[in-house]
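This report describes a few strands and a helix. Look at the structure first, then read on.

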Amino acid sequence: MKKSNFKQLVSLSLSASLFVGVFGTVVMAQTDSSKESTETETVIKDEEHLSPLAEYLNTAMDLFTEEFPDAELIEIDIELEKEGHYDIQLTGQDSQHEYELDYDTEKEKVIERETDRENDNERALPLDDLLSIDEINEIALTEAGFGEITEWTLDWDNDEDDDEGQALVCWDIKIEDKDSNREVALEIAALTGDILSIEHDD
């Protein structure tokens, strides 16, 4: 898979116009009116700011592409190890093999890589069309109303269908609140942000 496809996942959505429309504010500023011609300049405020997790995921994907340039991603697993640091595991495949890469954000390096000579012929993740992980996080935390996200899994869910009866690519999210010992598990459609299921464990 091309590196640009990986970049799409973490660079906040589908196109430059969408970035401006959703995340940017366009301001027209005029120069001194005493000048014969009025000059204008466009300033885009609130430019794209990726979360640390999104930046870490971007790095992990770049490393995956470098090591397995012909592989397509089929699954992403992330676990919060300690505050601000994550274990990111990427799984991909080509026509013959399946590959796994484990990236430790605290050590800032790949800590494990594995090649399986067989693959399950799973569908590649449609990275170009997915909402960003930052958008998914906001949806999940807003729905839960408490805690922090500790686990993420992105893959195809054959038990969830879209309007045309096709399987959906989904995020499985786990949110915990250590102070109250509450947990919630959510399944979120990765293309639309729809909440597909929510399960509380009080």
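In which sense do S4 and strand S5 (residues 98-104) pair, and over how many bridges? The model is predicted, and in it the two strands pair in the antiparallel sense over seven bridges. A hairpin of four residues joins S4 to S5. Within this pairing, Thr91 has Glu100 of S5 as its bridge partner.

S4 also pairs with strand S3 (residues 72-82), again in the antiparallel sense, and here there are nine bridges. Asp77 has Gln89 of S4 as its bridge partner. The hairpin of S3 and S4 has two residues between the strands, and Gly84 in this hairpin takes a positive phi near 90 degrees.

The two pairings are set out below.

| Strands | Sense | Bridges | Residues between the strands |
|---|---|---|---|
| S3 and S4 | antiparallel | nine bridges | two residues |
| S4 and S5 | antiparallel | seven bridges | four residues |

How many of the nine residues of strand S4 (residues 85-93) are buried? Seven of them are, so S4 is largely enclosed by the rest of the structure. Buried here means under 20% relative accessible area.

The helix is H4, which covers residues 133-144. Buried residues in H4 are Ile133, Asp134, Glu135, Ile136, Asn137, Ala140 and Ala144. After H4 comes Gly145, with a positive phi near 80 degrees.

Key:
Residues are numbered from 1 along each chain as its sequence is written. This is a predicted model: local features need pLDDT of at least 70, side-chain atom pairs count only at pLDDT 80 or more; totals for chains, interfaces and linings use all residues. Side-chain values use heavy atoms; hydrogens and water are left out. Buried means under 20% relative accessible area, exposed over 50%, partly exposed in between (1.4 Å probe, protein chains only). Two strands pair if DSSP finds at least two bridges between them. The expected span of a helix is 1.5 Å times one less than its number of residues.
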